[in-house]
Amino acid sequence: MLTSVDPDVIRVLSDPLRLKIVTLLARETLCTTHLVEETGAKQTNLSNHMKVLREAGIVETEPCGRFTYYRLKPEVLAGLSERFAALAESARGAAENKRACP
C-alpha cells in the first residue's frame with residue numbers, strides 16, 4: 001500500500017531545492033556555506049529547508065566551530081527505497097488482478 005511509505009518524507013523530498021540538497025549530501029558532508037554556494041539559494045532560505053530536512057529525520061547536524069555540517073541519514077533513504085521496491089513488486093503482480101465492476 002502506498003500508505004506504508006512515509007508521506008512526510010515524500011512531501012519533504014518533493015521540493016526541488018531539498019531534493020538537490022539531498023543529492024549533494026549523498027556525495028559528501030557539507031556545511032551551510034557549501035550548500036549556499038552549490039545551490040545558489042539564499043542562506044536564510046537554505047536554513048529553512050535544512051530545518052525541514054532535520055525535522056523529517058533525513059539529515060543530521062554536526063557542529064564544527066561556528067559552522068554546522070550536514071550529512072544524510074542513509075537508513076532513512078534506504079527504508080524509503082525498500083518500501084518503494086515492495087510497492088513495485090506488488091504492482092508487478094497487480095497487473096493480473098482485476099476487480100470486476102458491479
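**Close-up 1. Helices α3 and α4 pack at an angle of about 110°.** In this predicted model, helix α3 covers residues 32–39 and helix α4 covers residues 43–55, and their axes sit 10 Å apart. Why give both an angle and a distance? Two packed helices are described by the angle between their axes and by how far apart those axes are. Angles of 65 to 115 degrees count as roughly perpendicular, so α3 and α4 are roughly perpendicular to each other. The crossing is right-handed. On the α3 side, the contact is made by Thr32, Leu35, Val36 and Thr39. On the α4 side, look for Gln43, Leu46, Ser47 and Met50.

**Close-up 2. Arg18 is buried yet has no salt bridge.** You'll find Arg18 in helix α2, which spans residues 16–25. How far away is the nearest side chain of opposite charge? That would be Asp15, at 4.3 Å. Leaving out residues up to four places away in sequence, Arg18 touches Arg11, Val12, His49, Val52 and Leu53.

**Close-up 3. Lys51 and Glu55 pair up within helix α4.** Side chains of opposite charge can pair when their charged atoms come close. Here the closest N and O atoms are 3.9 Å apart. Lys51 is partly exposed, with a relative accessible area of 43%, while Glu55 is exposed at 61%.

**Close-up 4. Glu62 and Arg71 form a salt bridge.** Their closest N and O atoms are 2.6 Å apart. Both partners are partly exposed: Glu62 has a relative accessible area of 33%, and Arg71 has 29%.

Close-up 5. Arg92 counts as exposed, at 56% relative accessibility. Elsewhere, salt bridges that share partners join Glu60, Glu62 and Arg71 into one network. How many salt bridges does a search of the whole structure find? It finds four.

**Close-up 6. Pro63 is an exposed residue in strand β2.** The strand covers residues 59–64, and Pro63 has a relative accessible area of 68%. Going from Pro63 to Val52 takes 11 residues in sequence and 18 Å in space, C-alpha to C-alpha.

Methods: Residues are numbered from 1 along each chain as its sequence is written. This is a predicted model: local features need pLDDT of at least 70, side-chain atom pairs count only at pLDDT 80 or more; totals for chains, interfaces and linings use all residues. Side-chain values use heavy atoms; hydrogens and water are left out. Helices (H or I, at least four residues) and strands (E, at least two) are DSSP runs, numbered from the N terminus. Buried means under 20% relative accessible area, exposed over 50%, partly exposed in between (1.4 Å probe, protein chains only). Lys and Arg count as positive and Asp and Glu as negative; His and the chain ends are not counted. Contact means heavy atoms within 4.5 Å. Axes are lines fitted to C-alpha atoms, for helices over the stretch in contact, and angles run from 0 to 180 degrees between N-to-C directions. Angles under 35 degrees count as roughly parallel, over 145 as roughly antiparallel, 65 to 115 as roughly perpendicular and the rest as oblique. A crossing is left-handed if the near helix is turned anticlockwise from the far one by less than a right angle, and right-handed if clockwise.
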